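Here's a walk through one protein model, going from the overall fold down to single residues. Have the viewer open as you read.

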Amino acid sequence: MKFTLALASTIYSASAFTPGLHVNVHRPLSSLNAVSRKDSYDVTLLPGDGIGPEITEATKAVLKTLCDKSGFEMNLKEALIGGCAIDATNDPFPQESLDQCLASDSVLLACIGGYKWDGNPRELRPESGLLKMRKEMGLFANLRPAKVLPQLIDASTLKREVVEGVDVMVVRELTGDVYFGTPKGIDEVDGQRVGYNNMIYSESEIERIARVAGDVASKRDGKLCSVDKANVLDVSQLWRDVVIEVIEKDFPDVELSHMYVDNAAMQLIRWPKQFDTIVCGNIFGDILSDEASMLVGSLGMLPSASIGESGPGVFEPCHGSAPDIAGENKANPLAMILSAAMMLRYDLDRADEAQLLEDAVEAVLDQGLRTADIKQDGDGCELVGCVEMGKAVAAQVESLELKSAVTV
Ligand code: IPM
Ligand code: MG
């Protein structure tokens, strides 16, 4: 099955979130979900801004069909994050939302942001809510798979022979780096403004993401490329040293290579098939994962998983809130539906249902249905809106057989 990630049994988490507990132990990947399989789950839904509410509705309809079919319950409770939270509470991620997320079995997020809040001071911008959520929930590992589906090869701007068969996993560190480093600010120095941030990583932060990446790589093709800028940055030198130590010691079978980030950005477009698993810090991962998405054709297809060492993960599409098409029934809900599949697999111990969702997405693509972002002139496919796409996936969920997922 094409969407099944090779790390199907890769999970980090204990059975319940214990606030304040920072476990520094590497948990074996194959044994633990956020929660064990059960009949009823509590999931927090964060519809966010822009196209968020539309793709959330489409995803809800699909999940309802899935639950009815498979005979389990998912109690979906919404909470605020991003611009809508600023408007309602003057806080992009209010404490109430955080508490609700932490008390859930898992969290499914649509997208945040919009022109309306772009001019706000930093603490009142939607992005600050997202960063607060990642930090407060301890979501240090962000998995962003970019797998080219045969049905969508021509949706990529790159040549068929370059993208056909591409299957890359970007493992991005998510709670450190220049995103969170201090000191930071804009000061007045000698009569002019000076802006600064601190690119900083501690050994333990590098170790834990290196372990996730080693584990992911060992469950895929066994090739790990660590991306840094060690020819210039001290922080990158430490990154490289620690990644080597961890992989040599704990994952001797993983083939480790290193690449400077500028070269990696170029190689990813030149010959992406050379990559299997990529590990990098927060800012390099932000940039490279957007680049990797273009191999697949549309950012509208890419799911992601953000996980910590315990507690619920957050599952969200990689795309933004697309305010230019919000409310027009043009958005592509597939990345959110695929994020729900990652949630079922990684947090809820429901690999079979995850597989069914992924099969259903491929089936609608096989049927020739396309939202605008993945429609090509003359492809003979049918242009559909967000609602129709969601309904088509739900119909496939209804009719396809629920099988045992192949876990590699
Ligand atoms: C992402 C986004 C975020 C990031 C923004 C919205 C803060 O670009 O998830 O990649 O930079 O991490
Ligand atoms: Mg980004």
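Predicted model: local features only at pLDDT ≥ 70, side-chain atom pairs only at ≥ 80, totals over all residues.

What follows starts with the ground rules, then moves through the fold, the domains, the ligand and a few local spots.

## Ground rules

Residues are numbered from 1 along each chain as its sequence is written, and chains are lettered from A and ligands numbered from 1 in the order in which they are written.

## The overall fold

Along the principal axes, the C-alpha trace spans about 65 × 50 × 45 Å.

Of the 408 residues, 51% count as buried, meaning that 20 or more other C-beta atoms lie within 10 Å of a residue's own, with C-beta atoms placed from the backbone (exposed is 12 or fewer, partly exposed in between).

## Two domains

An automatic or database domain assignment divides the protein into domain 1 (33–137 + 312–408) and domain 2 (144–297). Their centres, taken over C-alpha atoms, are 24 Å apart. Where they meet, eleven residues of domain 1 are in contact with 14 residues of domain 2. On the domain 1 side, α4 and α11 (351–366) each supply at least two of the touching residues. By class, that side has five nonpolar (Ala, Val, Leu, Ile, Met, Phe, Trp, Tyr, Cys and Pro), one polar (the others, Gly among them) and five charged residues (Asp, Glu, Lys and Arg).

## Around ligand 1

Which residues are around ligand 1? They are Glu 127, Leu 130, Leu 131 and Asp 286, counted by a C-beta atom, placed from the backbone, within 6 Å of the ligand. Helix α4 (residues 126–136) gives the largest share of this shell, with three residues. The shell splits into two nonpolar, no polar and two charged residues.

Strand β6 (residues 185–189) has five residues and the number buried is zero, so it lies largely in the open. β6 pairs with strand β7 (residues 192–196) in the antiparallel sense over five bridges (pairing takes at least two DSSP bridges). Glu 188 stands opposite Arg 193 in β7. The two strands form a hairpin with two residues between them, and Asp 190 in the turn has a positive phi of about 50°.

Most residues other than glycine have a negative phi, and most peptide bonds are trans. In the loop between β5 (167–173) and β6 sits Pro 183, and the peptide bond from Thr 182 to Pro 183 is cis, with omega near 0°. Asp 177 lies in the loop between β5 and β6 too; its phi is near 75°, a positive value, and it counts as buried with 24 C-beta neighbours inside 10 Å. Ala 322, in the loop between β12 and α10 (334–346), has a positive phi near 40° and is buried, with 23 other C-beta atoms within 10 Å.

## Pro 317

Pro 317 is in strand β12 (residues 314–317) and is buried, with 29 other C-beta atoms within 10 Å. Leaving aside neighbours within four places in sequence, Pro 317 is in contact with Cys 111, Leu 302, Pro 303, Ala 335, Met 336 and Ser 339.

Key
Helix = DSSP H or I, 4+ residues; strand = E, 2+ residues; numbered from the N terminus. Contact = placed C-beta atoms within 7 Å.
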